[in-house]
Amino acid sequence: MNDDPIDRMLRRAAQSYNAPPEPPLDEMWDAIERAPGEARAQAVIRTMRRSPLRDPGGRARRAQPWAGMAAALVVGLILGHASARVVGVPADASAPAQATTALAGQPDDGRRHPLTKQYLGQAAALLISLPDQLTAELADPGYVARADALLLETRLLLDAPEAAAPDLRALLEDLEIVLAQVVRLEADGNPMRFELLRQALEQRDVLPRVRDAVVHHIAE
Amino acid sequence: MEIPLATESASRVAEPELIARVLAGDRVAARELYDVHAPRVYRLAFRLTGDEELARESTQDVFVRAFGQLDRFRGEAALATWLHRITLSVVSGLMRKVKRMRERHVPLEERHAIDHGADGADPVLRDRLHREIDALPEIYRVTLIMHDIEGYTHVEIAEVLGVAVGTCKSRLHLARAKLRAALGDLTKELEE
């Protein structure tokens, strides 16, 4: 929308699309410091254990007992979801974002973080239907959107310390390649891309390796 | 035009130091980091959600997560890029939940109750355009909002989304083409 007058007009009109007001910085900051709710508890407690943002009044100490129970419940539910997906239950398209930014830290006992397992479960579910997409030579927008979300998750995980583990890093990098190629399928609708992806998967044996690794990590 | 991610703030140079201070428990540093990045995170969240409460909720969630996991931030990407990735992920999860709730409980028209006009554009075109942007597939909508509305560069968007720059450009091209096609009748009238 740069040179064409119509494009310029559209671009000007688009500026009012969901035009944001001034951000309520102080109000949001207060909420961040309070960080209520089960989903936030784990992050806040982790932070407070390290001591940044520690509340001198002892909010962390007061929050820990109930938050610990909530965290255990959440982890249990996540593990259940991840296991269900691996055995073939269709993945919920909303799942990647829920796992998201947990950024998958390695627990102290060296086992895989449950949210990493959840991510891997979603990756497995997505890859299972990849051959169908290639056979159909039609990139389903929903499928591409899921691949896109997972690619975002993959990048986040690659930034996390857990990805320093060579096996997981290699797996994530393979997944990144595959997902990036899937995402490109929608970019120009070029049928040649399907063929190239198919050849790449076959020649490099990527799909079975990723599947095996995913199953291995989830079973870990 | 928005400030590029790469030069978001003068304090960017000192950002690693700021992060270290946050990790050492410095609340002032945490607030400073927040003040640098929160406005853009909020803007993007608002553009994507179109809702003050959702934008506020998303921004809070982004920073709670970011502070909780700051020790895991390795600095391979800029902090702003990392925060924007989290933002897109948080917003996308939130919007899916909200969409499901709205489909069950709220007529679609109510989403357009807030009019932030005053851009000098034809109101009919503007209204139609907003609806057509809403209707774009999310991967196109995000790219269009980030590039054409919020002024991110293709390189920045590609980094945040984890896709190639070419993919980003292609998505933008397709998004614009879809809008032009959808608004074909109106744009012809306005052209005359």
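Which residue takes a positive phi just after α7(B)?

A few ground rules. Residues are numbered from 1 along each chain as its sequence is written, and chains are lettered from A and ligands numbered from 1, in the order in which they are written. This is a predicted model, so local features need a pLDDT of at least 70 and side-chain atom pairs count only at pLDDT 80 or more, while totals for chains, interfaces and linings use all residues.

Let's begin with confidence. pLDDT is the predictor's confidence in each residue, from 0 to 100. For the complex, the predictor gives an ipTM of 0.81 and a pTM of 0.55. Chain B averages a pLDDT of 81, with 79% of the residues scoring at least 70. In chain A the mean is 62, and 48% of the residues reach 70 or more.

By contact I mean two residues whose C-beta atoms, placed from the backbone, lie within 7 Å. In chain B, pLDDT stays under 50 over residues 6-13, with 10 contacts beyond four places in sequence, and over residues 106-116, with four such contacts.

Now the overall make-up. Chain A has 11 helices and zero strands, and chain B has nine helices and zero strands. Those are DSSP runs numbered from the N terminus: helices are H or I, at least four residues, and strands are E, at least two. Of the 220 residues of chain A, 37% count as buried; of the 192 residues of chain B, 45% do. Buried here is 20 or more other C-beta atoms within 10 Å of a residue's own, with the C-beta atoms placed from the backbone; 12 or fewer is exposed, and in between is partly exposed. Among contacts with a separation of 6 or more, residues 24 or more positions apart account for 70% in chain A and 65% in chain B.

Back to my opening question. The residue is Gly162(B), with a positive phi of about 75 degrees just after α7(B). Helix α7 itself covers residues 154-161 of chain B, and its buried residues are Glu156(B), Ile157(B), Glu159(B), Val160(B) and Leu161(B). Val163(B) sits in the loop between α7 and α8 of chain B. Val163(B) has 24 other C-beta atoms within 10 Å, so it is buried. Leaving out residues up to four places away in sequence, Val163(B) touches Leu151(A), Ala180(A), Val183(A), Ala158(B) and Cys168(B).

Chain A has its own positive phi: Asn18(A), at about 45 degrees, although it is not a glycine. Asn18(A) lies in the loop between α1 (5-14) and α2 of chain A, and counts as buried because it has 21 C-beta neighbours inside 10 Å.

Next, a helix pair. The axes of helix α6 (residues 138-149) and helix α8 (residues 165-182) of chain B come within 8 Å and cross at roughly 95 degrees. α6(B) and α8(B) are therefore roughly perpendicular to each other, the word for 65 to 115 degrees; under 35 is roughly parallel, over 145 roughly antiparallel, and the rest oblique. The residues making this contact include Tyr140(B) and Leu144(B) of α6(B) and Leu172(B) and Lys178(B) of α8(B).

Thr143(B) is in helix α6 of chain B, and is buried because it has 27 C-beta neighbours inside 10 Å. Beyond four places in sequence, Thr143(B) touches Ile157(B), Cys168(B), Arg171(B), Leu172(B) and Ala175(B).

Last, the core. The largest nonpolar core has 86 residues, and those touching the most other members include Ala123(A), Leu179(A), Phe63(B) and Leu83(B). Such a core is a set of buried Ala, Val, Leu, Ile, Met, Phe, Trp, Tyr and Cys residues joined through C-beta atoms within 7 Å. Setting aside neighbours within four places, Leu83(B) is in contact with His37(B), Val41(B), Val62(B) and Ala66(B). Thanks, everyone!

Methods
Axes fitted to C-alpha atoms, helices over the stretch in contact; angles between N-to-C directions.
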